[in-house]
Amino acid sequence: MGVVNITPDSFSDGGRYYERDAAIAHARRLAEEGAHIIDIGGESTRHGSAPVTPDEELARILPVIQALGDLCVSVDTRRPAVMQAALDAGASMINDVQALQAPDALAAVRAAQCAVCLMHMKGEPATMQREPHYDDVVREVKAFLQTRVAAAEAAGIARERIVVDPGFGFGKTAAHNLTLLGRLAELAELGVPLLVGLSRKSTIGRLTGRPAEERLAGSLAVALIAVQRGATILRVHDVKETRDTLAVWQALIGT
């Protein structure tokens, strides 16, 4: 899954693909590099980010979705109205940091037959990193995701449409993130595809001392660890390099 942030303030590439043509060109470049899914977002959910209006979010993403009708497009949004409009425009997947908890979110995707990603987030983007606490982060994240999968199924969303994401960095310290990564196999026990998004995140910066634009090596390391421990989908900024890393590993395990 290749990341396209159509925002002025995302943590890694905010503003770089804010213009329609730049976003479309970047999405096509990621697809050419081997991304199976293009994840488009019109609202930053980094720590401390301010929300945008649904109209502004739609104005950012709809022209890009419409221009990428030949690709598998995921839309990173937490608003039911945006979900519905994105699906009507041709999106194939809804990637929701709030796991379809908003009123009408389940209904917005039920009839579309799209894929859905249910993510764990503790708190809201503006406040989620203010001393988050867990007694057992893996157990609590797993229980939440299990509950949301059950809610989606009860609402009429078939299990084969569902993906889960532990939400690295969303209301979690670097220590929480490392614990989740180390015990990722426990989340794979949920029996649905597992998405991991650690690319360029602050945990890698904490470990390496590198700014976001210099976290490629760390991102490749965590991507490989994630796949080895059960991840099915990797949400990344650097598609070509990630695919090369996995190709070498897959060649080795195939011998």
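Author: Contact here means heavy atoms within 4.5 Å. Helices (H or I, at least four residues) are DSSP runs, numbered from the N terminus. This is a predicted model, in which local features need pLDDT of at least 70 and side-chain atom pairs count only at pLDDT 80 or more, while totals for chains, interfaces and linings use all residues. Residues are numbered from 1 along each chain as its sequence is written, and side-chain values use heavy atoms, with hydrogens and water left out.

Reader: Which residues of H9 and H10 meet, and how many of them are nonpolar, polar and charged?

Author: From H9, the residues are Leu216, Leu220, Ala223, Leu224, Val227 and Gln228, and they meet Glu241, Thr242, Thr245, Leu246 and Trp249 in H10. Ala, Val, Leu, Ile, Met, Phe, Trp, Tyr, Cys and Pro count as nonpolar, Asp, Glu, Lys and Arg as charged, and the others, Gly among them, as polar. By class, the H9 contact with H10 therefore has seven nonpolar, three polar and one charged residues.

Reader: Are H9 and H10 parallel or oblique?

Author: Helix H9 (residues 216–228) and helix H10 (residues 239–253) have axes 10 Å apart and pack at an angle of about 45 degrees. Axes are lines fitted to C-alpha atoms, for helices over the stretch in contact, and angles run from 0 to 180 degrees between N-to-C directions. Angles under 35 degrees count as roughly parallel, over 145 as roughly antiparallel, 65 to 115 as roughly perpendicular and the rest as oblique. H9 is therefore, relative to H10, oblique.

Reader: How are H5 and H6 oriented?

Author: The angle between helix H5 (residues 137–154) and helix H6 (residues 174–182) is about 70 degrees, and their axes are 9 Å apart. H5 is therefore, relative to H6, roughly perpendicular.

Reader: Which residues make that contact of H5 and H6?

Author: H5 and H6 pack at about 70 degrees. The contact involves His176, Thr179 and Leu180 of H6, and, from H5, Val137, Val138 and Val141.

Reader: How are H2 and H3 oriented to each other?

Author: Helix H2 (residues 54–67) and helix H3 (residues 80–88) have axes that come within 10 Å and cross at roughly 15 degrees. Their relation is therefore roughly parallel.

Methods:
Helices (H or I, at least four residues) and strands (E, at least two) are DSSP runs, numbered from the N terminus.
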